[in-house]
Amino acid sequence: MSIEPDIHTTPPQLFPLGQTTRMSDFSLTDKVALVTGAGRGLGLTLTEALLEAGAKVYALDYLKEPTLEFIDVQQRTKILGTELQYRCIDVRNTELLNAVIEDIANHEGRLDGLVAAAAIQQETSALEYSANDSNALLEVNVTGVFMTAQAVAKQMIRFGNGGSIALVASMSGTVVNRGLICPIYNASKAAVIQLARNLAAEWGQYKIRVNTLSPGYTLTSMLEMLFVEYPERREQFAKENMLGRLSHPEEYRGATVFLLSNASSFMTGSDLRIDGGHAAW
Ligand SMILES: NC(=O)c1ccc[n+]([C@@H]2O[C@H](COP(=O)([O-])OP(=O)(O)OC[C@H]3O[C@@H](n4cnc5c(N)ncnc54)[C@H](O)[C@@H]3O)[C@@H](O)[C@H]2O)c1
């Protein structure tokens, strides 16, 4: 596809030298964002970061009820002067996904950002993996992410303001994890990294930016569940990066606000890998 060069317009908002407010580039005030997989774990922490940057956030997750941690974050929005809403939805249900996202956009009169964090993991060797299990994982991690981004992009295009989409991939989309046998999870994350490049190429003309965030090992329930079965991996995984430790969800807050805000206004089709140097070693 050839895109008409946009030589006459400026970026969404430029902040020249001499500002009297504090780093407005990172502000998400008055923006509306969606986060999938926001019921717990990394998605919830990233949701909190967007709220603190000023956004109103809609959390989408297939957990029937939001977790206690979620309710805690929701209560703190009063202090922040913003709002956090929960919608129970499975990203595999494309029809409902589109209906819910259109409804949110209609209600808000806009839609500015998406963080797609919903994903599942399965550890099975390549010789034992069944076609059913492979399809089930790809349905959530690739098709679910794609359909969420598509539903959001349709609304961004309808309102004409553009927006920013951050798909949560993983360092596992770039390297093979030593001692963690999950070929299809890794393939799904590589697919998400490539998908973002393709979406960025197609949607740049609508001023929609699409990037991936690729975390390293992060202490969430996804990883803690693995450590219950294989406790020795806690130390082993930590040794595999240049900082010699596992990461915490909070360490991706700044990157997420960066990706969704004007601070990254010229960034699209990129993978922001934050992994303590794991994949560079
Ligand atoms: N934890 C890590 O070490 C790590 C590292 C790199 C990348 N990631 C990625 O970060 C993201 C968040 O992972 P996490 O560690 O917080 O895992 P998690 O399992 O704690 O959270 C995943 C969330 O997604 C939701 N979810 C799963 N399937 C869904 C579906 N079909 N529809 C709607 N919601 C669904 C779950 O309910 C859960 O709230 C994932 O994309 C994961 O692949 C995690």
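## R273 and its salt bridge

R273 forms a salt bridge with D275, with the closest N and O atoms 3.0 Å apart. A salt bridge here is a side-chain nitrogen of Lys or Arg within 4 Å of a carboxyl oxygen of Asp or Glu. D275 is buried, with a relative accessible area of 9%.

The model is a predicted one, in which local features need pLDDT of at least 70 and side-chain atom pairs count only at pLDDT 80 or more, while totals for chains, interfaces and linings use all residues. Residues are numbered from 1 along each chain as its sequence is written, and side-chain values use heavy atoms, with hydrogens and water left out.

## Other salt bridges

The structure holds 11 salt bridges. One of them joins the side chains of R76 and E48, at 2.3 Å from N to O. Because R76 lies in helix α2 and E48 in helix α1, the pair ties together parts that are 28 residues apart in sequence. Helices (H or I, at least four residues) and strands (E, at least two) are DSSP runs, numbered from the N terminus. R76 counts as partly exposed at 34% relative accessibility, whereas E48 is buried at 16%.

The side chains of E251 and R245 also meet in a salt bridge, at 2.6 Å from N to O. E251 is partly exposed, with a relative accessible area of 35%, and R245 counts as partly exposed at 38% relative accessibility.

## Nonpolar cores

A nonpolar core is a set of buried Ala, Val, Leu, Ile, Met, Phe, Trp, Tyr and Cys residues joined through side-chain atoms within 4.5 Å. In soluble globular proteins, nonpolar side chains tend to be buried together. The largest core in this model has 35 residues, and L34, I165, L167 and V210 have the most contacts inside it. At least two residues of this core come from each of β1, β2, α3 (94–108), β4, α4 (131–159), β5, α5 (183–203) and β6. Helix α4 gives the most, with eight residues. Apart from this core lies another, of 29 residues, among them L28, A38, A166 and V257.

Leaving aside neighbours within four places in sequence, L167 is in contact with A116, V145, A149, V192, L195, A196, V210, N211, T212 and L213. Contact means heavy atoms within 4.5 Å.

## Helix α8

Helix α8 covers residues 253–260, and its buried residues are A255, T256, V257, L259 and L260. What covers these buried residues includes the helix α1 (41–52) and the strands β1 (32–36), β4 (113–116), β5 (163–168), β6 (208–215) and β7 (271–274).

## T67 in a loop

T67 lies in the loop between β2 (56–61) and α2 (68–80). At 18% relative accessibility, T67 counts as buried. A polar atom of the T67 side chain lies 2.6 Å from the backbone oxygen of G39. Such a polar contact is a pair of N or O atoms within 3.5 Å; within protein, one atom must be able to donate a hydrogen and the other to accept it, and residues adjacent in sequence count only if both atoms are side-chain atoms. Not counting residues up to four places away in sequence, T67 touches G39, R40 and L44.

## The ligand site

There are 28 residues around the ligand, and R40, D61, Y185, T218 and T220 come nearest; a residue counts as near if one of its heavy atoms lies within 4 Å. Helices α1, α5 and α6 (221–229) each supply at least two residues of the shell around the ligand.

Three side chains have N or O atoms placed against oxygen atoms of the ligand: for R40 the distance is 2.7 Å, for Y185 2.5 Å and for K189 3.0 Å. The protein covers 97% of the 820 Å² of accessible area that the ligand has on its own. Accessible areas come from the Shrake-Rupley method with a 1.4 Å probe, and for residues only the protein chains shown count as cover.

## The segment before β1

T21 is found in the segment before β1 and counts as partly exposed at 49% relative accessibility. The C-alpha atoms of T21 and Q122 are separated by 46 Å, and the two residues are 101 residues apart along the chain.

How values were computed:
Buried means under 20% relative accessible area, exposed over 50%, partly exposed in between (1.4 Å probe, protein chains only).
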